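Hi,

Here is the structure I said I would pass on.

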Amino acid sequence: MRPTGRHRPLPDRPPASHGPELRAAARHFGRRRFLTLTAVAAAVAFAAHLPATGAAAARELDAARIADDPFTLGVASGDPLPHSVILWTRVAPVPYEPGGGLAGQSVAVSWEVARDERFASVVRSGTTLALPEYNHTVHVDVQGLDPGRTYYYRFRTGAWISETGRTRTAPAPASAVTALSFAAVSCQAYFDGYYTAHRHLARDDVDMVLHLGDYLYEYAVNSVGGARNHTDRVLPDVFDRETVTLEEYRLRYALYKSDPDLRAVHAAHPFVVTWDDHETENNYAGAVDEHGSPPEEFLLRRAAAYRAYWEHQPLRFARRPVGPDLPLYRRLHWGTLAQFDILDTRQYRSDQAYGDGKHVPGPESDDPARTMTGAAQERWLIDGWRASDALWNVMPQQACFSQRKPDPDAQAPMSMDAWDGYRASRARILAGARSAGVENLMVLTGDVHVGYAFDIKDDFDEPASRTVGTEIVATSVSSGGDGAERPASWQTYLTANPHLRYYNGRRGYVRVRLDRDRARADFRTVSAVTTPGAPVSTAASFVTEAGNPGLVPV
């Protein structure tokens, strides 16, 4: 989230150099001025530099010659299934340089998974190649694991051994699981402060972490790291520019993932990730950016951003992008207790109405043809609900789902980037949940840099209308700086939105516990992020009973 409208000028900089994997597509665009979006996508996909043939050509480095720690960006795991989990690392002895100091060579990396931290009982192991085409990232889809148990993992190359990560598998599909604990986080601008919330979350007892987007920001980071005001290091100039090219996005991930608190939380828990806008560009919508660029130009940037995102997250190869397209929405299960339908509300959405400013909803924003999810994802979501046997249906996504008026005026302007700008799309989703018989709907949201708790209403303008679900909004990890417990708009928002049960502007995360009787959300906040080491506390807790939606403070 950034409070700007469309057509923010791109900062002065030399023309973008998109590298060999995208230059061929750019030449194609130059020859044809009036490409359809389908042709653009096909051209970029055709030009994407994948290792199908290049893998054999890449010279393999003797790992014994790696003189410095290559695991500078830590380890991670994600998307747990009953019998498998994805393990991730990147080999980068010099992470702030293009190629990570490996000069385009591939590197053999071994991995092992054990039942214990000492690796006395190793259950799976293997070796893979960290390829330059994937920026020396490693994605291992470990199979044959037992459902519903904790495992430990590590990587090795040459004489170097990575830190140990802890992960877990999901329970067996039909198992009557009694409880699940997870955390939701979002919005971690490096230049706005330290990842203190991640440090505390690393020590918390949760089964997994859902990252709801804005894992990184495209904006420049100066030599002192912005509000971090580093005195023990000087960040290189390569970060002091907006990310546009593949190499720039890759380097920005290196900066973010080198943070020790982010490394700690990834090593402690499996992550389930989705993106918002800043992993690519502020408030983009489908093939439309905020600069008013021709779609074929923006799709080059989107292809670079999506490629770097997949490379640096614990995602399966089935999620690997093809040009500017990445199939990110997906479904995970936790026995019969919970179904998670992880949405992508950026890639397929209609352009924001009324120029993407705040505006009173009207004919343009309420056009039934407009969509937040795209038609295919909407059908997939509702069909998944109809087939669900889970007690709790959890929908992790990005933008504020519930109505959020900034003042009590009936004609109050609302955010056109949130679901208030896509009310017909929201109505279809809620109608789909109703027709599917979903009784325990929980929407998880990031984006807005504050913590909210909403009752989702049949009619948001009628406080007495039926409550049909719960929306839990995770505040930012760092974006927005220290924040305030009661922002200036606190009382106005609570008055204008009777279904808003909680509002807090501090940084932190949300911890959620689901069981067979109720869901409990603990809003965990830290007092500061512009200085490291702030303590964490529970600012508020709410419960909602299974079969009886509506938040009650604890």
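What percentage of the 554 residues in the protein chain is buried? The figure is 61%, where buried means under 20% relative accessible area with a 1.4 Å probe and protein chains only as cover.

Some ground rules before the rest. This is a predicted model, so local features need pLDDT of at least 70 and side-chain atom pairs count only at pLDDT 80 or more, while totals for chains, interfaces and linings use all residues. Residues are numbered from 1 along each chain as its sequence is written, and side-chain values use heavy atoms, with hydrogens and water left out.

On confidence: pLDDT (the predictor's confidence in each residue, from 0 to 100) averages 92 over the protein chain, and 90% of the residues score at least 70. Treat two stretches separately. Residues 2-15 stay under 50, and residues 52-56 are also below 50.

For the overall layout, the protein chain has 10 helices and 24 strands. These are DSSP runs numbered from the N terminus (helices are H or I, at least four residues; strands are E, at least two). Of the contacts (heavy atoms within 4.5 Å) with a separation of 6 or more, 71% link residues 24 or more positions apart.

Now the inside. The largest nonpolar core holds 47 residues, and Leu201 and Tyr256 have the most contacts inside it. By nonpolar core I mean a set of buried Ala, Val, Leu, Ile, Met, Phe, Trp, Tyr and Cys residues joined through side-chain atoms within 4.5 Å. Elements giving two or more residues to this core include H4 (196-203), H5 (246-257) and H7 (295-311); H7 provides the largest share, seven residues. A second, separate core has 32 residues, among them Leu180 and Ile472.

H5 is worth a click. Of its 12 residues, 11 are buried, including Glu248, Arg250, Arg252 and Lys257 as well as Tyr256. Leaving aside neighbours within four places in sequence, Tyr256 is in contact with several residues, including Tyr190, Phe191, Tyr215 and Leu262.

Thr167 counts as buried because its relative accessibility is 2%. Its side chain makes a polar contact of 2.9 Å with that of Ser77. A polar contact here is a pair of N or O atoms within 3.5 Å; within protein, one must be able to donate a hydrogen and the other to accept it, and residues adjacent in sequence count only if both atoms are side-chain atoms. Thr167 also touches Val85, Arg149 and Pro270, among others.

Cheers

Definitions and conventions. Buried means under 20% relative accessible area, exposed over 50%, partly exposed in between (1.4 Å probe, protein chains only).
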